[in-house]
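Here is a short briefing to read alongside the sequence and the model.

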Amino acid sequence: MTATMNSSTGGAAQQGKTLNVTLKVWRQDGPAANGRFETYEAKTISEDSSFLEMLDLVNERLNDESKEPITFDHDCREGICGTCSLMINGVPHGPERNTATCQLHMRKFTDGQTITIEPWRATAFPLIKDLMVDRSAFDRIVESGGYITVAAGGAPDGNLIPIPKPVADASMDAAACIGCGACVAACPNGSASLFTAAKIAHLNLLPQGQSERYKRTESMVETMESYFGSCTNHGECQEACPKGISIDNIALMNKDYLKSKFKNRRYLSRS
Amino acid sequence: MANAMALKANKANKANKKAPLPVELYRSAIGKKYVMAVTGLFLTLFVLGHMAGNLKMYLGSMGGGEFAYHIDEYGHFLRSLGEPILPYGVFLWITRLALIGAFALHMHAAYSLTMTNRRARTVNYATKSDYHAANFASRSMRYTGTIVILYLIWHIMDLTWGVGNGSFRRGDVLNNVDSSLSRWPIAIVYVIANLALATHLFHGLWSFFQSIGWNNPRFNASKRKFAIGVVTLITLGNVSFPIAIASGLVKADQAKYDALTSSHSDN
Amino acid sequence: MRNETQLSSITIDSKIPAGPVAEKWENHKFSVKLVNPNNKRKFDVIVVGSGLAGASAAATLAGLGYNVKIFTFHDSPRRAHSIAAQGGINAAKNYHGDGDSVHRLFYDTVKGGDFRAREANVHRLAEVSVDIIDQCVAQGVPFAREYGGLLDNRSFGGAQVSRTFYAKGQTGQQLLLGAYQALAQQIGNGTVKLYNRCEMVEVVTVDGRAAGIVTRDLVTGQIQSHSAHAVVLATGGYSNVFYLSTNAMACNVTAAWRAHRKGALFANPCFTQIHPTCIPSSDEFQSKLTLMSESLRNDGRIWAPKNRADNRLPASIPEDDRDYYLERLYPSYGNLAPRDIASRAAKRAVDDGRGVGPLQNGVYLDFGDSLKRLGPDKVTERYDNLMEMYERITGESPYETPMRIYPAVHYTMGGLWVDYNLMTNIPGLYALGEANFSDHGANRLGASALMQGLADGYFVLPYTIGDYLAPQLNQKPVDTKHEAFLTAERSVTDRFSQYLAIKGTKSVDHFHRELGKIMWDYCGMERNETGLQKALSEIPALYSEFKKDLRVLGDGTSLNQSLEKAGRVDDFFQLGYTMCQDALARQESCGGHFRSEYQTPEGEAQRDDENFAYVSAWEFTGELSDARLVKEPLEFEAVALATRSYK
Ligand SMILES: Cc1cc2nc3c(=O)[nH]c(=O)nc-3n(C[C@H](O)[C@H](O)[C@H](O)COP(=O)(O)OP(=O)(O)OC[C@H]3O[C@@H](n4cnc5c(N)ncnc54)[C@H](O)[C@@H]3O)c2cc1C
Ligand code: HEM
Ligand code: HEM
Ligand code: SF4
Ligand code: F3S
Ligand code: FES
């Protein structure tokens with residue numbers, strides 16, 4: 001295959017250690033079509049290349065053989081945009097913990113290994129093509145309350161409300177969610193509790209988030225439940241999460257949801 | 001621009017806040033989890049107390065008096081609880097009704113959650129997912145639970161109504177237990193059922209805290225310990241009974257019953 | 001070989017308000033026409049792009065009452081490339097009383113841009129920077145805090161004050177989530193309609209005004225027209241013309257380029273920024289380069305071995321054999337020298353044969369001292385995720401051995417030409433964020449792009465767009481059945497079916513890589529006439545091969561990633577050509593544009609303010625044919641033109 005190098009960082013590319021792997025990849029032409037597994041040999045893959053670069057190479061070769069390349073979602077390749085989404089050997093984002101698919105490197109695999117690649121599976125994540133699914137249900141959840149209302153220009157000075165460092169940090173830890181959907185993919189119940197709880201915790205922990213706290217919690221939870229399964233505390237999501245979001249957030253969500261039922265009624269009866 | 005399909009109409013957008021709060025809460029999955037948690041805890045407390053009571057069978061005979069064995073007196077004690085405020089047996093009936101209610105709710109919630117969760121993933125993974133956190137207990141809740149309930153039905157027929165329990169005499173608790181559990185196969189059924197319960201509670205009692213949102217960094221570590229502690233307690237007790245009886249360590253001596261000044265019965 | 005630069009007949013007006021630079025924006029806000037609140041809903045606005053600039057603009061416009069349609073080729077607005085920004089965002093809050101002020105931020109930015117930016121725009125940017133922080137805090141952006149609970153700051157390149165606000169190493173993510181949440185709220189309210197996985201592939205003009213756009217639904221391949229009273233492009237930068245860059249894989253120039261083809265001028269295309277601290281590529285199949293935030297230069301010391309090919313382990317190279325070249329050459333700024341300067345210094349070290357690592361293609365960024373000074377915990381707290389990321393990619397722990405870094409293409413200062421109102425020379429067509437050329441001149445200071453994106457979206461466009469819309473009250477947007485839309489749709493359909501019809505032998509990526517190589521070698525960190533001439537002859541050759549030998553499999557009616565790329569790479573070819581033309585025409589060195597013919601004896605960039613103190617805005621004349629130049633002269637009233645010195 002043609003692999004001309006873009007010597008953007010100088011120095012002639014000397015090949016490091018390489019390995020061969022066998023891929024079993026889910027191929028499906030469209031939402032309606034029925035899918036199948038296809039097997040590809042990925043030979044002489046550099047240990048330093050990322051998992052997605054390995055797939056790039058396979059695609060390049062498929063293209064050379066006039067076979068349609070594998071469709072998969074990806075963008076930043078820095079583990080931050082949450083676009084990449086592959087089920088690798090039955091584990092979302094693959095074997096390395098706290099690591100998104102795009103940050104997974106081939107040195108984590110052994111020569112001759114067979115790797116099965118599947119798309120996320122959830123009713124709320126309809127398949128688009130091959131390994132690509134539609135995660136817009138997550139957007140619907142955020143749209144239903146995952147925000148703090150503030151008109152541009154109407155905000156008070158940033159230092160007006162001091163926020164204790166531990167609170168800001170806890171909020172930040174929850175806010176680190178990249179919306180990849182691995183939690184849903186991993187959950188035996190296809191629940192989006194971790195994603196939703198992370199967003200709720202991010203805002204509910206902050207002083208700025210208090211006035212809409214219970215309205216937010218109630219509608220986000222109920223929107224979530226209209227698309228996804230429920231949580232029975234398997235804790236699998238936390239294991240799969242590339243950002244190590246804790247299921248403690250789910251407990252917080254449950255508590256706030258109950259409170260919201262009481263408080264929101266009170267508000268409603270007032271209004 | 002394909003769009004995600006919904007499992008059910010989104011309540012958040014519908015303004016159906018009319019129903020009474022408990023009903024409304026129960027409509028949501030998280031609400032159901034609260035119900036499971038509370039009923040589950042109640043049932044667990046019952047089992048705990050029940051186990052404690054049954055320990056009395058190790059106290060042996062009362063050497064005359066109204067009852068042959070301590071455990072028999074305990075059976076009576078259960079019924080006479082609440083007297084004189086409540087008539088004889090009424091308190092027990094309240095408890096029974098509470099238990100039945102708890103079971104019904106717990107089971108219904110379990111059932112409907114299971115159904116939603118099935119619908120949430122209709123196409124399964126080809127590779128069997130290799131789980132890191134979800135353990136056998138957490139994934140078999142509905143099965144261990146069902147085993148427990150089946151056992152229970154039979155258990156009540158066996159020891160409360162005496163169905164198919166040869167020399168059953170209402171009130172003579174130890175006699176009834178003995179005549180039933182001295183048969184090894186029955187004893188083994190008891191053991192298995194209680195191990196199923198143990199598995200159920202091993203996840204359940206930890207899960208309980210998540211469900212009710214009781215989450216405090218200081219105690220989170222002790223949640224598991226707590227669950228394991230309670231489970232061991234219940235299981236050790238409950239498993240010991242069938243073994244003790246079947247192996248003859250504890251047996252009911254008919255003579256002791258015949259020797260009673262006044263034989264009694266409560267119909 | 002190309003002949004002399006042709007001047008264009010187009011005349012442009014930058015609409016810079018009169019008065020002293022510090023009062024221009026206030027006066028302007030007062031003088032622009034306003035749309036009465038109840039009339040706002042009578043106006044439709046199309047926003048293309050959901051990054052910081054696009055999302056903040058769409059959310060704010062919808063909040064004001066306009067009907068907004070927002071388009072993104074991403075599956076969710078939250079995935080825009082802004083999410084990847086790590087280091088932080090500048091603001092002249094002076095919370096730390098270290099002598100910062102709006103004027104200093106303004107001054108630093110003009111100087112950092114090597115005097116090739118518009119004073120008026122830059123000052124406005126500095127003014128609104130303070131509102132941005134307030135806005136983001138109110139939205140729930142979890143900025144880093146001090147123990148007292150107040151906002152923390154760090155320093156960034158090209159500044160002697162601490163004015164950079166940050167959220168761990170994920171500032172861009174948190175700011176984008178803030179804007180995305182505001183946008184989501186409007187989508188939920190129905191005031192914004194979201195078109196995701198939907199790519200803008202053509203701009204439509206009617207009677208010289210922006211009338212709307214043509215889009216391609218990436219899932220179904222459906223081609224569709226959308227019309228509105230105004231069209232806003234916030235579609236990001238074009239660093240990926242180099243194939244390898246720190247940008248996300250999907251970043252592209254298509255939206256801006258399609259507008260350019262329809263008459264919008266493209267300004268300073270050759271002003272590209274090379275970021276000094278990226279991870280050197282490890283092998284030839286590398287698909288992108290990973291940035292290590294500049295903030296690392298706060299606590300990391302950059303050095304290369306004194307002796308050539310010194311392949312001892314870093315630890316066993318004694319202090320005397322280390323060359324902390326930035327601290328040596330630029331004592332007052334040291335490791336925080338601006339990006340262009342730091343990058344070229346690294347290049348010199350490597351070219352000099354003093355490169356480190358297996359491919360000898362990097363220099364060291366050493367945390368040894370700060371680990372001693374601050375202790376591992378403090379370092380972890382500051383750079384946690386960056387350290388992790390580095391270890392994941394390289395398999396080496398920066399706590400044990402110094403990071404290896406090397407410059408890589410990172411940001412494009414050039415973009416669509418816009419006036420003070422952020423409107424291109426096509427009435428009704430606006431450009432925001434990295435997609436425009438406005439505020440960074442020839443070099444962008446760290447943490448200033450997030451600032452600019454949000455300034456444009458939250459605080460500038462919402463004011464200035466009224467000036468254009470107000471007079472059109474009660475006019476309907478052009479009907480999408482209008483001939484202009486129909487022809488645009490046809491041309492798009494043809495273009496995409498052509499890519500499929502070529503049925504050649506080489507993949508899109510192949511051509512992209514080849515183009516990238518040309519661009520990097522001749523229009524990269526260092527440029528010169530012969531190289532650029534070479535590029536200008538090689539690009540057309542490669543382009544015609546692209547048109548003949550491209551192989552795109554699959555069809556145009558279902559999701560087809562190769563087909564998407566084909567369209568984008570096509571536009572990159574055309575852009576690349578114009579970039580080289582611009583680089584050749586600008587016979588001076590300034591900021592990111594370094595012409596080896598024009599340097600001082602110490603090898604610093606040598607500006608030519610006599611002849612080149614202007615913005616080069618190019619007019620499209622045809623694919624890979626020489627563009628015509630429009631000059632926008634730059635006047636400097638508030639900041640005296642001076643040679644940049646960071647010594
Ligand atoms: C790795 C990295 C780190 C950075 N760190 C910093 C930092 O610390 N501080 C700082 O100030 N700056 C930083 N920058 C620069 C900064 O992130 C970007 O300049 C800025 O985010 C650009 O925002 P934007 O809104 O203009 O464009 P983007 O965020 O790129 O958004 C572009 C949007 O337009 C959409 N789009 C594009 N074309 C089309 C089309 N044809 N049709 C439909 N939609 C389209 C995309 O889908 C996307 O939504 C960094 C950049 C990189 C690459
Ligand atoms: C019909 C029989 C039963 C079924 C089908 C059943 C099923 C379940 C299921 C599916 C759960 C949810 C698991 C989770 O969310 O973590 C659960 C939780 C629980 N069950 Fe049961 N169960 C049954 C009987 C029992 C009994 C008899 C007890 C106690 C003696 C019990 C105690 C609990 C407890 C404490 C929980 C934890 C509640 C929570 O996690 O919120 N269950 N049960
Ligand atoms: C091996 C251990 C057990 C023994 C030896 C045992 C023994 C008994 C006996 C003797 C009775 C009759 C009491 C009376 O009628 O006076 C009884 C009743 C009952 N047991 Fe158990 N039991 C055991 C385990 C359990 C478990 C695990 C459960 C629940 C999950 C349970 C639930 C009940 C219930 C609900 C009743 C009926 C109480 C009533 O309403 O009268 N038992 N048990
Ligand atoms: S919680 Fe974790 S796994 Fe779930 S979407 Fe967010 S980052 Fe992904
Ligand atoms: S795995 Fe699923 S069951 Fe709950 S704890 Fe995580 S969501
Ligand atoms: S591609 Fe962005 S997170 Fe993996």
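## Briefing on chains and ligand sites

Chain B has ten helices and zero strands. Please keep in mind as you read that this is a predicted model.

**Chain B at a glance**

- Read from the N terminus, the elements of chain B follow the pattern α-α-α-α-α-α-α-α-α-α.
- The C-alpha trace of chain B spans about 85 × 45 × 40 Å along its principal axes.

**Ligand 2**

- Around ligand 2 there are 26 residues, and the closest are K33(B), H106(B), H200(B), S207(B) and S211(B).
- The site is shared between chains, because the residues that surround ligand 2 come from chains A and B.
- S207(B) has an N or O atom in its side chain 2.4 Å from an oxygen atom of ligand 2.
- For H203(B), an N or O atom in the side chain is 3.1 Å from an oxygen atom of ligand 2.
- F208(B) takes part through its backbone: one of its polar backbone atoms is 3.5 Å from an oxygen atom of the ligand.
- Two or more residues of the shell come from each of helix 2 (29-54), helix 4 (90-120), helix 6 (141-161) and helix 8 (184-211) of chain B.
- Which element gives the most to this shell? That is helix 8 of chain B, with nine residues.
- Sorted by class, the shell around ligand 2 holds 14 nonpolar, ten polar and two charged residues.

**Ligand 1**

- Ligand 1 lies between chains A and C.
- There are 38 residues around ligand 1, of which H74(C), H81(C), S82(C), M200(C) and E434(C) come nearest.
- T72(C) has an N or O atom in its side chain 2.8 Å from an oxygen atom of ligand 1.
- On its own, ligand 1 has 1000 Å² of accessible area, and the protein covers 98% of it.
- Helix 3 (52-64), strand 7 (198-206), strand 16 (403-412) and helix 12 (449-469) of chain C each supply at least two residues of the shell.
- Strand 7 of chain C gives the most to the shell around ligand 1, with three residues.
- By class, this shell divides into 17 nonpolar, 17 polar and four charged residues.

**Ligand 5**

- The residues around ligand 5 include C187(A), C231(A), H234(A) and C237(A).
- Also among them are N189(A), S191(A), T232(A), N233(A), G235(A) and E236(A).
- The shell around ligand 5 has three nonpolar, six polar and one charged residues.

**A mixed sheet in chain C**

- Five strands of chain C form an open sheet in the order 1-20-19-11-17, with mixed pairing.
- At its edges are strand 1 (6-7) and strand 17 (415-416) of chain C, each pairing on one side only.
- Strand 11 (residues 266-267) of chain C pairs with strand 17 of chain C in the antiparallel sense over two bridges, and F266(C) stands opposite L416(C) in strand 17 of chain C.
- Helix 16 (residues 561-585) of chain C packs on this sheet, touching strand 11 and strand 19 (614-619) of chain C, and its direction makes about 145 degrees with that of strand 19 of chain C.

**An antiparallel sheet in chain C**

- Another open sheet of chain C has five strands in the order 12-16-15-13-14, with antiparallel pairing.
- Strand 12 (272-278) and strand 14 (322-323) of chain C stand at the edges with a single partner strand each, so one side of each is left without a neighbour in the sheet.
- Strand 12 and strand 16 of chain C run antiparallel and are joined by five bridges; T272(C) stands opposite T412(C) in strand 16 of chain C.
- Helix 9 (residues 339-354) of chain C packs on the sheet, touching strand 12, strand 13 (301-305), strand 14, strand 15 (363-366) and strand 16 of chain C.
- The direction of helix 9 of chain C makes about 65 degrees with that of strand 12 of chain C.

**A hairpin in chain C**

- Strand 8 (residues 209-217) and strand 9 (residues 223-227) of chain C run antiparallel and are joined by five bridges.
- R216(C) has I223(C), in strand 9 of chain C, as its bridge partner.
- Five residues lie between the strands of this hairpin, in which G221(C) takes a positive phi near 75 degrees.

Note on methods
Residues are numbered from 1 along each chain as its sequence is written. Chains are lettered from A and ligands numbered from 1 in the order in which they are written. This is a predicted model: local features need pLDDT of at least 70, side-chain atom pairs count only at pLDDT 80 or more; totals for chains, interfaces and linings use all residues. Side-chain values use heavy atoms; hydrogens and water are left out. Two strands pair if DSSP finds at least two bridges between them. Helices (H or I, at least four residues) and strands (E, at least two) are DSSP runs, numbered from the N terminus. Contact means heavy atoms within 4.5 Å. Axes are lines fitted to C-alpha atoms, for helices over the stretch in contact, and angles run from 0 to 180 degrees between N-to-C directions. A residue is near a molecule or strand if one of its heavy atoms lies within 4 Å of it. A polar contact is a pair of N or O atoms within 3.5 Å; within protein, one must be able to donate a hydrogen and the other to accept it, and residues adjacent in sequence count only if both atoms are side-chain atoms. Ala, Val, Leu, Ile, Met, Phe, Trp, Tyr, Cys and Pro count as nonpolar, Asp, Glu, Lys and Arg as charged, and the others, Gly among them, as polar. Accessible areas come from the Shrake-Rupley method with a 1.4 Å probe; for residues, only the protein chains shown count as cover.
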